[in-house]
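Welcome to this structure! Here are a few friendly notes on its charged side chains, to read with the model open beside you.

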Amino acid sequence: MDFPSELIRFLTSATRIAVLTGAGVSQESGLRTFRDAQIGFWAQYKPEDLASPEAFARDPKLVWDWYAWRREAVKGVRPNAGHYALVEMESKTPEFTLITQNVDGLHRFAGSKNVLELHGNIQRVRCADCGTFTEIWGDDSESVPTCTVCGGLLRPDVVWFGESLPRGELESAVLAARSCQVFFSIGTSGLVQPAAALAHAARNNGSVIVEVNAEPTPLTPKVDFALHGKSGEILPKLVKAMWG
Ligand code: APR
């Protein structure tokens with residue numbers, strides 16, 4: 001794959017790069033994207049009907065079990081070449097911020113350092129009442145585990161529909177988008193706010209916008225470079241073209 005020489009020139013001279021990733025980056029690790037159809041028992045549910053405070057209030061066990069299934073799905077999964085290409089890009093860029101909507105933890109697992117998990121991480125669990133984080137919980141399959149501090153129900157430490165994003169991460173993400181010279185939007189449909197607004201904040205700041213996605217998205221008409229294909233194939237080639 002040949003890249004426009006102008007893109008390579010921008011990238012190799014950039015000292016400040018911000019990257020937003022979505023489920024597409026993890027797809028080549030074997031993880032279904034957020035809007036892929038669910039499978040098996042979970043095919044009867046849409047993610048939007050499970051990933052919300054209302055769903056958890058209505059049926060905490062069903063929501064807890066969905067995340068337990070998703071944690072199991074992530075357990076056997078490894079980062080792919082796209083994750084590792086971003087680790088290398090970070091190592092070569094003085095100011096590099098990786099903003100992810102993914103909750104699978106694969107960027108950190110691959111070795112990325114400056115990672116902002118906008119939507120949380122399914123490996124982390126917290127009390128729905130007092131917010132205490134916990135790494136261990138009872139695995140009684142009949143009921144949702146409870147908090148050892150206050151007895152409240154435990155829930156995954158992820159951002160559900162209708163909930164606000166972690167303030168610190170969001171503020172840092174906006175700062176990175178507004179100050180970068182190049183902004184990548186990778187493996188995301190760009191449908192969900194406020195993450196989807198970051199590319200526009202970067203564009204308003206005069207950053208070069210690069211989209212790497214399997215298919216066009218609502219952002220595509222507004223980017224400077226649209227690289228359509230698999231991130232696990234494009235990113236390693238791009239890093240090689242930038243730094244040999
Ligand atoms: N390489 C690059 N892009 C890919 C690949 C791949 N191998 N496979 C799929 N894609 C693209 C799809 O074309 C799609 O545009 O990745 C995008 C994934 O989009 P979504 O499934 O909507 O996932 P995402 O954009 O991460 O969703 C954002 O929505 O509901 C919330 O919290 C949820 O974090 C999620 C957020």
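1. Let's begin with Arg155, which is buried at a relative accessible area of 5% (buried means under 20% relative accessible area, exposed over 50% and partly exposed in between, with a 1.4 Å probe and protein chains only). Arg155 forms a salt bridge with Glu163, their closest N and O atoms being 2.7 Å apart; the term stands for a side-chain nitrogen of Lys or Arg within 4 Å of a carboxyl oxygen of Asp or Glu. Glu163 is partly exposed, with a relative accessible area of 24%.

2. A word on the background: this is a predicted model, where local features need pLDDT of at least 70 and side-chain atom pairs count only at pLDDT 80 or more, while totals for chains, interfaces and linings use all residues. Residues are numbered from 1 along each chain as its sequence is written, and side-chain values use heavy atoms, leaving out hydrogens and water.

3. Next, please look at Asp157 and Arg126, whose side chains meet in a salt bridge at 2.4 Å, N to O. This pair links distant parts of the chain, 31 residues apart: Asp157 lies in strand E6 (residues 154-158) and Arg126 in strand E4 (residues 120-127). Strands (E, at least two residues) are DSSP runs numbered from the N terminus. Asp157 is buried, at 10% relative accessibility.

4. Arg124 and Glu117 also form a salt bridge, at 3.3 Å from N to O. Here Glu117 is buried at 7% relative accessibility, whereas Arg124 is partly exposed, with a relative accessible area of 28%.

5. Finally, how many salt bridges does a search of the whole structure find? The search finds 9.

Note on methods. Helices (H or I, at least four residues) and strands (E, at least two) are DSSP runs, numbered from the N terminus.
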